[in-house]
Structures are given as structure tokens and as C-alpha cells.
Amino acid sequence: MTKHNAPLVNYRVLLALTAGLVASFGGVARSSVATTQAPLRPITVNLQDKAALRNGALYTLHMCVACHSLQGVRYSSLRKILRMSRTRYEKVIGTNGSHYHDTITSTMPSGVIDAFVKILPPDLTVIARRRSPAWLYTYLTSFYVDPSRPSGVNNTVRYNVAMPDVFAPMQGLQKPVMVAGLRFGSPAQVAVGVQPLTQGSMSRAQFDRTARDIVDFLYAVGHPHEQERARLGPWILGLFLALSVLTYLIYRLYWRRVITSEERWWRVGK
Ligand code: HEC
């Protein structure tokens with residue numbers, strides 16, 4: 001036996017690394033808990049509601065595509081999501097001057113975005129997959145006046161947001177409901193809700209309906225195959241069930257013909 005039989009893995013180093021990793025995960029978990037969260041507004045997404053999807057499409061294409069892109073879909077696939085004929089689609093929804101088979105890109109030149117918005121608005125198909133419908137609905141309805149921000153507004157679920165309040169003319173302005181809470185672990189006044197400040201062109205119920213339609217549409221665009229999956233799901237499960245029954249019957253048929261060793265002995269022995 002040699003004296004140089006040091007283990008390949010230095011267990012002390014390994015232990016220290018594991019402890020460090022566990023501690024840092026704990027830190028991440030703790031810091032994410034230590035921010036007072038505004039409650040999310042509940043919403044039920046209904047992909048069967050064609051009128052809501054079309055209304056949401058109109059608002060999104062006319063209000064949001066000025067800054068945001070929707071590169072996960074093409075105008076042509078939008079027609080299928082909205083279940084419209086091509087002529088009707090081109091008449092009612094349109095393609096913002098793009099080709100019918102183009103993906104939906106922002107209509108604002110990037111120079112203008114750099115000059116006025118500073119932060120590149122994220123692609124909404126990506127956002128629609130990453131954020132829950134309840135989060136999106138709360139986000140769209142929870143802009144409030146905050147004079148300390150360059151755009152003059154802030155948001156309860158997206159603190160210090162760079163997006164301007166594009167809904168101000170429709171929804172009116174809102175003021176925050178502040179509570180003493182924690183922000184990233186430090187005591188702070190946190191906005192947990194909003195209250196109306198001025199009246200917009202729509203009533204509160206009308207505006208909430210519009211915001212829900214936009215979320216419905218964004219969800220449909222972010223999950224383009226969901227309707228097809230829901231339609232095909234029961235058929236696929238039925239197919240598996242039928243195959244299971246058939247396989248079981250074949251199994252019974254085969255084993256009826258197989259003679260076990262005990263039976264063979266009995267038959268040969270007699
Ligand atoms: C004037 C340009 C502009 C318009 C118009 C606009 N946005 Fe935005 N939006 C932004 C910018 C910039 C951000 C990035 C905010 C940030 O990172 O702080 C953003 C962020 C967002 C986010 C949050 C992304 C996230 O997860 O943090 C959502 C959702 C969103 N926009 C939806 C919309 C919808 C829906 C519309 C149309 C009703 C719209 N936006 C219209 C500029 C715009």
C-alpha cells in the first residue's frame with residue numbers, strides 16, 4: 001500500500017461548495033419572498049369567445065404593435081386563431097401594411113423607440129407565454145400616477161415600469177393604494193392596488209372588459225395550438241384506451257395457446 005492514496009475527490013472542498021450553494025439558494029428564495037406583492041386580479045381565459053378574441057386583436061394591433069412585436073405569429077396564422085375567412089379578416093383586422101404571410105413586427109422605427117422609450121419593448125408572444133393571464137390582466141389595469149417616473153406612471157405589479165400608460169385616455173388616471181411593506185427586503189411604501197383619479201372615455205366595467213379581451217387574445221397568440229390540443233385530446237385518449245383493450249385481447253389469445261411446463265409434464269407423463 002502506498003502513502004499517496006489521497007482520495008480523488010476532496011470531500012472537504014465538496015462539502016464547502018455544497019454548503020455555499022445551499023446557502024445561496026436560500027438567499028435567493030428569501031429575497032424573492034421579501035417583497036410585498038400586489039394581489040393579482042382573477043381572470044378566466046375563454047378561447048371559444050370569438051368576439052372577445054377579435055376585439056382583443058383589434059386593440060393589440062392598433063395600440064401595442066406601435067412599440068411591441070408579436071414575432072411568434074404571422075398575420076396569416078392570426079386569421080386561423082380568430083377563425084375568420086381571409087376576405088373578412090383583411091377587411092376587419094388588416095395587416096398594418098405588411099405582407100399577409102409576414103410575422104407581426106413593431107411598426108415604430110427603432111430610432112424613435114431609442115429616442116423616446118429607451119428600453120426595447122419585449123416581444124408580446126414571449127411575454128404571453130412567460131406571464132400568467134392574471135398577471136397580464138392586473139398589469140394592464142394597474143398603471144398609476146407617479147410624478148417621480150420619467151413617463152409619469154408606475155405599475156403595481158411591475159415596479160418602475162418603462163412603458164407609458166397607453167390606456168390613460170380610455171381608463172382615466174389612477175392613484176395608488178400604498179401600504180407599508182418590503183421591497184427587495186427593505187421597508188418601503190408599496191402600491192398594492194389602484195383607485196380611480198379621473199374619468200376616461202370608457203366606464204370601469206367597459207375598460208376591464210377591453211383589458212380582458214386583450215389578455216384573451218395575447219394568451220391565444222402565445223399558445224397557438226391550445227384550441228387544437230383541447231379538441232384532439234379526448235380522441236387521442238380514446239385511441240389509447242381502444243389500443244389497450246385490443247392489446248389485452250391479443251395477450252389473452254396468445255397465452256391460451258401456450259402450454260406451461262407443468263401442463264406439458266402432466267400431458268407427456270400420462
Ligand atoms: C410607447 C410604447 C409602448 C406601447 C404603445 C405599449 N407598450 Fe408595452 N411596454 C413598453 C416598454 C418600453 C416595456 C418595457 C417595460 C420595462 O421593461 O420596464 C413594455 C412592457 C410591457 C409588458 C410587460 C412585460 C413584462 O413582463 O415585464 C407588457 C405585458 C406589455 N408591455 C403589454 C402591452 C400591451 C398589451 C400594449 C397595448 C395595449 C402595450 N404594451 C403598448 C412600451 C410600450
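How do the residues of the shell around the ligand divide into nonpolar, polar and charged? The views below, taken from a predicted model, begin with this shell.

**View 1. The shell of residues around the ligand.** The shell divides into 19 nonpolar, two polar and two charged residues. In total, 23 residues surround the ligand. The closest of them are C64, C67, P121, A162 and M163. Three helices, α2 (50–64), α6 (124–130) and α7, each contribute at least two residues to the shell.

View 2. Strand β5 spans residues 174–183 and strand β6 spans residues 186–196. The two strands pair in the antiparallel sense, with ten bridges between them.

View 3. E90 belongs to helix α4, which covers residues 86–92. Because 14 other C-beta atoms lie within 10 Å, E90 is classed as partly exposed. S76 is 14 residues away from E90 in sequence, and the C-alpha to C-alpha distance between E90 and S76 is 9.9 Å.

**View 4. Confidence along the protein chain.** The protein chain has a mean pLDDT of 85, and 86% of its residues reach 70 or more. Confidence is lowest in helix α1 (residues 11–33), where the mean is 60. Helix α7 (residues 133–141) has the highest confidence, at 96; α7 also supplies at least two residues of the shell around the ligand.

Definitions and conventions: Residues are numbered from 1 along each chain as its sequence is written. This is a predicted model: local features need pLDDT of at least 70, side-chain atom pairs count only at pLDDT 80 or more; totals for chains, interfaces and linings use all residues. Helices (H or I, at least four residues) and strands (E, at least two) are DSSP runs, numbered from the N terminus. A residue is buried if 20 or more other C-beta atoms lie within 10 Å of its own, exposed if 12 or fewer, and partly exposed in between; C-beta atoms are placed from the backbone. pLDDT is the predictor's confidence in each residue, from 0 to 100. A residue is near a molecule or strand if its C-beta atom, placed from the backbone, lies within 6 Å of it. Ala, Val, Leu, Ile, Met, Phe, Trp, Tyr, Cys and Pro count as nonpolar, Asp, Glu, Lys and Arg as charged, and the others, Gly among them, as polar. Two strands pair if DSSP finds at least two bridges between them.
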